[in-house]
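Biologist: I would like to go through this model with you. Could we begin with the charged side chains?

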Amino acid sequence: MPFANFKFPEGIVDAVRKEEIIHRTTAMFVEYFGEGVRPYTMVLVEEVADGGWGRADETLTLEKMGMKGK
């Protein structure tokens with residue numbers, strides 16, 4: 001089963017954009033693997049609370065990424 005998991009800071013991706021991500025990711029899997037994978041494709045779009053994720057041993061926040069107030 002093709003599976004994609006996207007994680008975004010909470011509140012920066014609206015419902016319309018989430019739907020677009022799901023459709024385009026599914027289309028990409030179908031393009032690579034054929035129409036037979038469509039019913040088995042899972043795309044998970046998750047929102048992570050600000051400060052709830054990090055990289056290279058550093059907790060990331062919207063403020064640190066210059067996205068505060070967007």
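Modeller: Glu35 and Arg38 form a salt bridge, with their closest N and O atoms 2.5 Å apart. A salt bridge here is a side-chain nitrogen of Lys or Arg within 4 Å of a carboxyl oxygen of Asp or Glu. This is a predicted model, in which local features need pLDDT of at least 70 and side-chain atom pairs count only at pLDDT 80 or more, while totals for chains, interfaces and linings use all residues. Residues are numbered from 1 along each chain as its sequence is written, and side-chain values use heavy atoms, with hydrogens and water left out.

Biologist: What is the relative accessible area of Glu35?

Modeller: Glu35 has a relative accessible area of 48% and is partly exposed. Arg38, at 39%, is partly exposed as well. Buried means under 20% relative accessible area, exposed means over 50%, and partly exposed lies in between (1.4 Å probe, protein chains only).

Biologist: Which residues do salt bridges with shared partners join into one network?

Modeller: That network consists of Arg17, Glu20 and Arg24.

Biologist: How many salt bridges does a search of the whole structure find?

Modeller: The search finds 6. One of them joins the side chains of Glu46 and Lys7 at 2.5 Å, N to O. Glu46 belongs to strand 2 (residues 42–48) and Lys7 to strand 1 (residues 3–9), so this pair ties together parts 39 residues apart in sequence. Helices (H or I, at least four residues) and strands (E, at least two) are DSSP runs, numbered from the N terminus.

Biologist: Which residue forms a salt bridge with Glu47?

Modeller: Lys18 does, with the closest N and O atoms 2.8 Å apart. Glu47 lies in strand 2 and Lys18 in helix 1, so the pair ties together parts that are 29 residues apart in sequence.

Biologist: Changing topic, is Thr25 buried or exposed?

Modeller: Thr25 is buried, with a relative accessible area of 8%. Its place is in helix 1 (residues 15–33). Not counting residues up to four places away in sequence, Thr25 touches Ala4, Phe6 and Val43; contact means heavy atoms within 4.5 Å.

Biologist: Which element has the highest mean pLDDT, and which the lowest?

Modeller: Helix 1 has the highest, 98, and strand 3 (residues 53–55) the lowest, 86. The mean for the protein is 92, and 97% of its residues reach 70 or more. pLDDT is the predictor's confidence in each residue, from 0 to 100.
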